[in-house]
Amino acid sequence: MTSTPSDLLTELQLDALTELVNIGVSRAASSLREMVGAQVHLSVPTVTLESRAQAIAILAEREISNLVAVHQVFEGDITGRALLIFPETKSLELVRAITGGDLPLEDIIELEQEALAETGNILLNSCLATIANMLQRSLKMSLPEVLRGSAATFFSLAPPPHAGDVVMFLFINFAVRERDISGYIAMIMDLPSLTALKHLLDEFIERATGEATQPHNDLA
Amino acid sequence: MPYKLLIVDDSKLARMSAAKALKTLYPDWTRLEASNADEALSLAKETPFDVALLDFNMPGRDGLQLAADLLALRPSTPLAVVSANHQEEIVGRARDIGAVFLSKPLSEQAFGAFLQDAVRRLELGNA
């Protein structure tokens with residue numbers, strides 16, 4: 001039986017996952033606001049499930065330039081990797097937004113690695129910690145690592161992934177101090193982890209909704 | 001007396017979860033649901049409601065913009081804007097509009113306190 005990754009979750013499971021990610025990203029915005037000292041604007045994240053090949057194709061199609069990624073491994077009931085990805089051209093922009101923009105270029109370049117790792121760490125940890133807490137599981141996360149390359153490099157990190165691996169793809173726009181920086185969060189997991197995630201999402205949906213009746217208008 | 005709650009959230013799960021909490025807290029209340037600001041506004045123009053619970057981060061107009069529109073339509077309606085994004089600009093804007101800010105995930109306790117206060121305001125208004 002063949003199925004596309006988007007069929008692997010039901011509509012309500014995907015809705016629940018999107019909501020968890022939305023809460024995680026919103027909390028990260030609050031943390032980033034503390035760090036930056038200016039309001040951080042975020043778009044509503046869209047979440048899709050793709051095969052590894054599709055995810056690579058999507059990034060290759062949308063982003064022509066080289067990419068930067070902050071990478072962390074998570075382990076627990078669900079195991080995989082999380083990446084915050086954006087175009088390399090936006091990376092110094094992000095550092096300027098975070099440092100306030102009045103630093104000379106050489107300082108910015110020097111700070112780039114650290115600022116990227118820190119931003120990635122805040123965003124990724126916030127998403128993963130929210131998902132873990134709300135699914136009532138714990139996840140162990142590795143330290144952030146900054147990578148440069150293409151989608152193909154990021155999605156093929158050793159140990160070699162399996163053909164059936166699924167990429168959970170999130171697209172968010174964030175803007176700080178009028179600088180528009182858009183990025184992607186990708187979580188790569190294997191099928192056993194996705195199966196575990198489905199069960200945890202079902203339990204979460206059960207806890208969150210109980211047995212609610214239909215509303216009085218027709219929106220179901 | 002039973003009131004009608006308007007729930008606006010782009011997440012169906014979040015609407016279901018709020019509906020569950022409402023059922024526990026005020027089983028005799030009814031509710032209306034919408035998944036975005038435009039839908040909520042056209043619904044609000046047709047059907048009266050007493051209290052509203054609005055998600056902040058939604059595609060299209062956000063919950064604070066919607067809150068302002070709803071208040072223009074029905075001034076002094078008790079409204080809450082819900083978000084995990086508690087940046088002071090957002091909490092401050094909610095306060096300025098006259099909406100209550102509630103943290104996401106919505107706890108039954110915080111939701112209950114908001115509804116209790118809403119009931120008090122509605123009863124004062126009706127007296």
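Some bookkeeping: residues count from 1 along each chain as its sequence is written, and chains are lettered from A, ligands numbered from 1, in the order in which they are written. As the model is predicted, local features need pLDDT of at least 70 and side-chain atom pairs pLDDT 80 or more, while totals for chains, interfaces and linings use all residues.

Okay, chain A. It has 6 helices and 8 strands, where helices are DSSP runs of H or I with at least four residues and strands are E runs of at least two, numbered from the N terminus. The order from the N terminus is α-β-β-α-β-β-α-α-β-β-α-β-β-α. Of its 220 residues, 41% are buried (20 or more other C-beta atoms within 10 Å of their own; exposed is 12 or fewer, partly exposed in between, with C-beta atoms placed from the backbone).

Now look at α2 of chain B, residues 37-46: Ala37(B), Ala40(B) and Ala44(B) are buried. Why do they share a side of α2(B)? They cover an arc of only 60 degrees around the axis, taking directions from the helix axis to the C-beta atoms. In general, an α-helix has 3.6 residues a turn, so residues three or four places apart point the same way. Over on the other side, Ser42(B), Lys45(B) and Glu46(B) are exposed.

Last, the chain contact: 28 residues from chain B and 26 from chain A, counting backbone-placed C-beta atoms within 7 Å. On chain B's side, α1(B) gives the most, 8 residues.

Key:
Two residues are in contact if their C-beta atoms, placed from the backbone, lie within 7 Å.
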